[in-house]
Amino acid sequence: MMRHLFALSFAATLVAAACGPAGPGEQGAPAKETEADISLSGPVEAILWHNQTGTSAKLLEDIIGEFNSSNGKGITIKPEVQGNYTQIYQKMLGAIQAGAMPDGVVAVENQVADYAKAGVVIEIDQYMNSRKNGLSKESLADIYKPYLDSNRYPQYENKILSFPFVKSLEVNMVNDDLLKELGFSAHPKTWEEFERMARAAKRVGPDGKVTRWGWAGMGSEAFLAQVITRGGKILNADGTVAWAGKEGVESLKVYQRCIEEQFCYVPTGFDWQDRFGEGNLLFATGTSTGRPFVRSALKKPINWSIFGMPTAGGPAQTIQFGGVIAITKSTPEKQLAVWEFLKWFTDTKQTAKWAIVSGYMPIRATALEDPALKAHWAGPDAQGRQAFQLVPSSAAGPSIRGWQEVRDAIFEALQKVQTKKATPEDALGAAATKANNALKENK
Amino acid sequence: MKSRVLKHGFLLLGAAVMAFPFYWMLTTSFKSFLEAQSYPPTFWPAVWHPENWIEAWNFPNTRWPRSFANTIFVATAVTLGTIVSAVLAAYAFARMEFRGRGVLFSIFLLTIFIPNEATLIPNFVLMSRRYLGWYDTYTAQIVPFLASVFSIFLLRQFFLGVPKELQDAARLDGAGHLRFLWSVALPLVRPALITVALINFLASWNSFLWPLLVTSSPDLRPIQVALLPFSSEAGTQYHLLMAGASFVILPTVAVYLVAQRYFIEGVASSGIRG
């Protein structure tokens, strides 16, 4: 039945395409018609598994409700909270085997690469470039390249297999009052300056215990950002990891000194927000989405801001990450329904609205012109704009299978240095071996 | 005298260790957002915030009454079903002679050692439309838990303790296995029954991952899943999470307090330790 419907709508699409004006995706040569070029002829319901909770979930539901009532194509997106990324992934593994997948699923890129291996996600390129249902050249150019690039999967011919959903950046937060008090007039431009400032922030109480720290937040993303800003690379051309070289070692040496000289605060969770809120932490490296939590943790008025990564011979680049949405293989109608939602959700007005309510980064440059977002960033969330300014120069981690294991290996190396169980060289050497094995297994 | 003081001191220490997480949860539920995250932690709220409980109850995307009703229904169904299946199986293993009984019981016991994680995905697949079609139903939350090897084991130990003479006497009076089980054996193992009921009720009440996996509709989800909204990628609202956790466990604490005597009796008689 569905096949017949598809054939009919496909034939109708061909006729319409032959008679009608050029579609938004037309870029010169006539593109081959695909299932992305169909028209929706009746009500379609598509299920979206996502990870948003609490207020964000409510707001997402509201935004989806707005889409459902205004799309004019009979599309109903049904959002379903399925836990965090790991829980959704677990559920997807079962759902794939059971043939009970949702029509759209929130994931991180390496999970999408796993889904691609199972052959259950569709190529979004054909939808993006569809003459009938795609994005115009201008619209595509408006999306920040790093956000689009993170959805290209090198193990799958660089095809776009997902679309940005919730995007964040690894940023540095700084207590500007404390920085000034320490006698520094500007944010650090180099890692050397960064280390010097962080060291200067350390304060020891009468009992000999450290009561004020210079830096917190050395995680896998912060490490990779340091490697890039020192001129290093994340992956070699042959697909092995490239971060274990001199740039990686130097990054870990900074961390080692920070731990040994005790100007680093080692968080056990989100407790660094508390230190920052007390005014006892100078720099914190972490996700840009943590802004509302940092704000809530301020125990006194503190002037704080967000700045990008210092450098040491490399570009001033940071790492961007966050959830994406993959469209699963279902019927052409449902696939198109999810695509239509993604197209609408990531359009200027919605991406700006979502940025305001969720704290995630908007994915389009034109979002900057949105009056509501402008007002939000000029008022209560000045740090949001500072983070957004770092987006154009950000880079995504590789969207490959096995990347989670690579991140775990880096984290393990950081732990070894932190607990003084290994030198930076040894820790990174072991981590690189582990990471390369994981990448080989997942090739 | 000295040894008695030592014994009591040791027991009090143990009780304090067991009670501390509950104390921590309750006091944190009344702290402000900042105080709940503060370091060093405070053991008593500087300023009490009873409004946290109201805020947690009204938190976006929570449906507490519905979640409570779901959990009560599922936990009750699981408990009753498990008792029926466990009583019959345990009685058979304890009081009926049949070939391969020992081997079969050993195989039953061995299944305890299979970690839940190993069976999670296969069981989830089994629930799907392709197989049983129980995905997103109460059935998926109840039926897989209706047979409990641990409960069978526990009850079997109790049934073994019922004097054989009683069974012989009942048989002389014309009672079959079911009559003996219902009229004689069950009243004698009441503490064990209550223990089994409590253990299964609590396990079902605290169930999180399985219901999250096998349901999609918020209307079918239990209270543990309802605690999800307090955590997100960027942080956790501990004060509200603890308030939510407090009213989630209150009913089970009440049930435990009522049935405490039987529970301890059951555990003590079976020689099972926590």
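Mentor: We may; please bear in mind that this is a predicted model. Let us begin with helix H10 (residues 220–229) of chain A.

Trainee: How many of the 10 residues of helix H10 of chain A are buried?

Mentor: A residue counts as buried if 20 or more other C-beta atoms lie within 10 Å of its own. In H10(A), the residues that are buried include Ser220(A), Glu221(A), Phe223(A) and Thr229(A). The helix is largely enclosed by the rest of the structure, because the number of its buried residues is 10 of the 10.

Trainee: Which residue just after H10(A) takes a positive phi?

Mentor: Just after the helix, phi takes a positive value of about 95 degrees. The residue with this value is Gly231(A).

Trainee: How are H10(A) and H11(A) oriented to each other?

Mentor: Helix H11 of chain A covers residues 246–260, and its axis lies 9 Å from that of H10(A). The two helices pack at an angle of about 125 degrees, and their crossing is right-handed. An angle over 145 degrees would count as roughly antiparallel, and one of 65 to 115 as roughly perpendicular. H10(A) and H11(A) are therefore oblique.

Trainee: Which residues of H11(A) meet H10(A)?

Mentor: On the side of H10(A), the residues are Phe223(A), Gln226(A) and Val227(A). By class, the contact has 2 nonpolar, 3 polar and 1 charged residues. From H11(A), the residues that meet them are Glu247(A), Gly248(A) and Ser251(A).

Trainee: How are H2(A) and H15(A) oriented to each other?

Mentor: The axes of helix H2 (residues 54–70) of chain A and helix H15 (residues 348–358) of chain A come within 10 Å and cross at roughly 160 degrees. H2(A) passes H15(A) in a right-handed crossing. Angles over 145 degrees count as roughly antiparallel. H2(A) and H15(A) are therefore roughly antiparallel.

Trainee: Which residues of H2(A) make the contact with H15(A)?

Mentor: H15(A) brings Gln350(A), Lys353(A), Trp354(A), Val357(A) and Ser358(A) to the contact. The classes found there are 4 nonpolar, 3 polar and 1 charged residues. From H2(A), the residues are Ser56(A), Leu59(A) and Ile63(A).

Trainee: Which element gives the largest share of the side of chain A that touches chain B?

Mentor: In this interface, 30 residues of chain A are in contact with 27 residues of chain B. The elements that give two or more residues to the side of chain A are H2, strand E2 (75–81), helix H3 (85–98), helix H12 (271–278) and helix H13 (291–297). By class, that side has 8 nonpolar, 16 polar and 6 charged residues. The largest share, 7 residues, comes from H3(A).

Trainee: Is Glu157(A) buried or exposed?

Mentor: Glu157(A) lies in the loop between strand E4 (152–153) and strand E5 (159–160) of chain A. Its phi is near 55 degrees, a positive value in a residue other than glycine. Most residues other than glycine have a negative phi. Because Glu157(A) has 9 C-beta neighbours inside 10 Å, it counts as exposed.

Trainee: Where is Lys420(A) found?

Mentor: Lys420(A) has a positive phi of about 60 degrees although it is not a glycine. With 10 other C-beta atoms within 10 Å, Lys420(A) is exposed. Its place is the loop between helix H18 (403–418) and helix H19 (424–441) of chain A.

Trainee: Is Pro229(B) buried or exposed?

Mentor: Pro229(B) is found in the loop between helix H12 (209–214) and strand E1 (231–232) of chain B. Leaving aside its neighbours within four places in sequence, its contacts include Thr53(A), Gly54(A) and Ala57(A), as well as Phe59(B) and Pro60(B). Because Pro229(B) has 24 C-beta neighbours inside 10 Å, it counts as buried.

Trainee: What share of the 274 residues in chain B is buried?

Mentor: Chain B has 13 helices and 2 strands. Its C-alpha atoms fill a box of roughly 70 × 70 × 30 Å along the principal axes. Of its 274 residues, the buried share is 34%.

Methods. Residues numbered from 1 in each chain as written. Chains lettered and ligands numbered in written order. Predicted model: local features only at pLDDT ≥ 70, side-chain atom pairs only at ≥ 80, totals over all residues. Axes fitted to C-alpha atoms, helices over the stretch in contact; angles between N-to-C directions. Helix = DSSP H or I, 4+ residues; strand = E, 2+ residues; numbered from the N terminus. Parallel < 35°, antiparallel > 145°, perpendicular 65-115°, else oblique. Left-handed = near helix turned anticlockwise from the far one by under 90°. Contact = placed C-beta atoms within 7 Å. Nonpolar A, V, L, I, M, F, W, Y, C, P; charged D, E, K, R; others polar. Buried ≥ 20, exposed ≤ 12 C-beta atoms within 10 Å, placed from the backbone.
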